[in-house]
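Please walk through the structure below before reading on.

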Amino acid sequence: MESLKLIPRADGLLDAAQLPQFPIMAARLQGELASDGSLTLALWGSGDVGVLTLGEIAGPMVIAPGRIETAAGQGLYVAQSAPALLLRGVTPGPIHGGPGGRLSARQVGADWVLSAGVDEAEAARAATLGPEQIVAEARDYARACDLAPAAEPLLRSLVLQSAHAGLSSIRRYPDGGFAGLAAGLAYSTPARTYYRDGYWTLQLLLRIAPDIVAEQIELLARRIHADGEAPSGVIIDGPHAEAFERSRLNDLALAAVHWAPGEWWSDHFDSPLMFVLAVADHARVTGDASLARRYWTQIEAVFERYLSFTGFEGLPHKPRNDRDWADNVYREGLVSYDLGLWIGMLDAVAELGDGWRPQIADGARAAAAAGRKAIEAHLWRGDWPADYIRDDDSAEDHLALDALTLLRHDALPADKALTMLGQVQDRLESRRNTDQPYGDFGMLCCFPPFARAADLRAKSADAYRYHNGGDWPWLDALYAGERLRRSLSGWRYPLTRWWEWCLAQGWAGAVEHYSVPFGRGSLLQAWSCLPAAVALQYADKMAAGDPEA
């Protein structure tokens with residue numbers, strides 16, 4: 001392992017010689033403490049409430065979710081019950097307020113309490129928190145994230161920080177009501193919650209907070225159209241949403257992307273599929289099918305929608321646009337990632353409809369059987385499925401990690417699944433791929449880079465960046481999970497290498513994505529909790545170790 005800037009400890013926390021960039025995320029308060037001591041704070045749904053500079057925080061120090069403690073007795077502690085944090089042994093500079101609410105500082109002995117609120121009432125409630133309560137809440141929260149206490153330091157710290165990314169995505173209104181799962185730090189104005197980010201996040205939350213998953217499903221169900229369409233995300237109610245709606249109505253460019261009230265980036269190809277999968281996963285884990293009954297109209301509409309998209313192969317064709325998870329790529333036609341989700345949706349409809357809507361269930365079962373045969377016939381290109389086959393029958397036939405949705409939902413025969421996993425190991429694990437120029441850094445999300453520049457935009461236009469070969473921890477976990485599900489060795493590298501890389505760079509949190517030449521995305525991205533979910537799901541298999549580690 002290369003030299004680490006952050007050292008995983010036996011208790012799952014991280015040792016640091018100096019202050020790293022530190023993300024702050026709780027039910028209401030969020031922000032970042034930069035390594036130079038500048039602190040930016042915001043409120044979910046309201047935006048920035050203040051910027052200030054702290055006095056020196058000198059290492060060595062211990063980093064925990066929502067907490068920093070130095071050997072000299074300094075500390076930062078994030079409250080969980082209200083938007084407040086405590087500074088111990090650190091003097092804050094003047095506050096430069098922001099438009100999203102109010103932020104104030106009060107001294108309590110040698111401590112300083114920063115409290116925020118979207119209005120006077122919330123600010124007053126936050127100001128009632130005393131230093132010891134804030135410290136206790138921060139400590140209790142870190143313990144709640146420690147879901148693998150028996151694991152060795154690297155894996156324990158990975159699970160702890162990944163769980164932090166998932167648990168801290170649970171957002172609240174000022175009155176405490178559920179306000180959606182945030183995708184990460186950068187999604188506050190307008191506050192919005194996503195179908196696909198939420199889906200991968202709920203894989204962990206179903207194990208530890210199934211009631212939250214039910215609330216998320218109920219929130220997303222409101223924006224499923226009568227014809228089964230759904231946007232990328234749902235705007236959370238509040239004054240910021242009203243301001244966004246006024247802007248949308250008066251800006252043609254905004255209206256061209258966000259077509260309907262309450263929607264963020266309308267008509268995404270994968271969102272309706274994710275909704276049905278979420279309902280089915282909740283029913284499977286909890287044994288409670290009431291959400292499926294309540295939202296059967298939406299489920300049936302999604303089922304019918306994708307039947308209407310089928311072409312002569314009997315498979316749904318995606319229009320040429322950038323509206324699925326790879327939202328910097330104009331994928332079209334038969335897209336392996338989307339087809340894997342579609343097969344999963346059909347299986348879910350069949351499962352949920354049994355004994356309830358048998359005719360629909362039988363239709364979904366028949367469509368899934370035919371779909372599996374068609375996927376094998378049309379997508380398989382020797383040793384792996386094409387990324388996508390355009391409507392003109394040309395193909396982007398490189399190996400893409402997101403095509404593992406086909407394996408997750410058993411859309412390919414077992415022998416082809418094993419062949420594909422072997423190719424992923426050889427081509428997408430950077431340690432084995434000597435044809436890519438950046439050495440051993442983790443997983444490539446595709447290789448080789450996309451062949452046609454016209455299919456790319458923005459960050460993905462650069463080779464080895466973003467959707468064009470970057471490392472995404474949620475995809476790494478998808479791959480590790482497929483190896484573990486089949487009792488294959490070689491799971492540890494994709495599950496942990498991204499975290500080793502983060503520690504080596506001094507990134508204090510589960511990142512969204514990264515690449516060697518272009519750096520990282522945001523810290524504390526919610527769906528980067530999927531590695532923790534996989535580690536917990538397959539803990540028994542992992543306990544035996546990995547011969548290929």
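**A walk through the predicted model**

Helices here (H or I, at least four residues) and strands (E, at least two) are DSSP runs, numbered from the N terminus. The model is a predicted one, in which local features need pLDDT of at least 70 and side-chain atom pairs count only at pLDDT 80 or more, while totals for chains, interfaces and linings use all residues. Residues are numbered from 1 along each chain as its sequence is written, and side-chain values use heavy atoms, with hydrogens and water left out.

H15 itself covers residues 473-485. At 1.5 Å a residue, its 13 residues should span 18 Å, and the end C-alpha atoms are 18 Å apart, which agrees. The expected span is 1.5 Å times one less than the number of residues. The helix is mostly covered, with 12 of its 13 residues buried. Buried means under 20% relative accessible area, exposed means over 50%, and partly exposed lies in between (1.4 Å probe, protein chains only). The buried residues of H15 include Pro 473, Trp 474, Leu 475 and Asp 476, and also Glu 482, Arg 483 and Leu 484.

In soluble globular proteins, nonpolar side chains tend to be buried together. A nonpolar core is a set of buried Ala, Val, Leu, Ile, Met, Phe, Trp, Tyr and Cys residues joined through side-chain atoms within 4.5 Å. The largest such core has 178 residues, and those with the most contacts inside it are Phe 275, Met 345, Met 420 and Trp 474. Helix H11 (residues 336-353) gives the most to this core, with 11 residues. Apart from this core lies another, of 11 residues, among them Ala 82, Val 113, Ile 134 and Val 135. What does Met 345 touch, leaving aside its neighbours within four places in sequence? Met 345 is in contact (heavy atoms within 4.5 Å) with Leu 273, Val 276, Leu 277, Val 302, Phe 303 and Tyr 306.

The next element is a sheet. Five strands form an open sheet in the order S3-S4-S5-S6-S11, and the pairing is antiparallel. Its edge strands are S3 (22-25) and S11 (96-97), each of which pairs on one side only. Two strands pair if DSSP finds at least two bridges between them; S3 and S4 (residues 29-33) pair over four bridges. Within this pair, Pro 23 stands opposite Glu 32 in S4.

Another proline, Pro 149, is found in the loop between helix H2 (131-145) and helix H3 (153-167). Pro 149 is partly exposed, with a relative accessible area of 49%. Its C-alpha atom is separated by 43 Å from that of Leu 334, which is 185 residues apart from Pro 149 along the chain.

The cysteines come next. A disulfide is a pair of cysteine sulfur atoms within 2.5 Å, and the structure holds zero disulfides. For Cys 145, the nearest cysteine sulfur is that of Cys 529, 11 Å away. Cys 145 is buried, with a relative accessible area of 0%.

Charged pairs complete the walk. A salt bridge is a side-chain nitrogen of Lys or Arg within 4 Å of a carboxyl oxygen of Asp or Glu, and by this rule the count comes to 39. Arg 248 forms one with Glu 245, the closest N and O atoms being 2.7 Å apart. Both residues lie in helix H6 (residues 239-250), three residues apart, about one turn of the helix. Arg 248 counts as buried at 6% relative accessibility.

The salt bridge of Asp 267 with Arg 323 has its closest N and O atoms 3.7 Å apart. This pair links distant parts of the chain, 56 residues apart: Asp 267 is in the loop between strand S18 (263-264) and helix H8 (271-286), and Arg 323 is in the loop between strand S19 (318-321) and strand S20 (331-335). Asp 267 is buried at 18% relative accessibility, and Arg 323 is buried at 16%.
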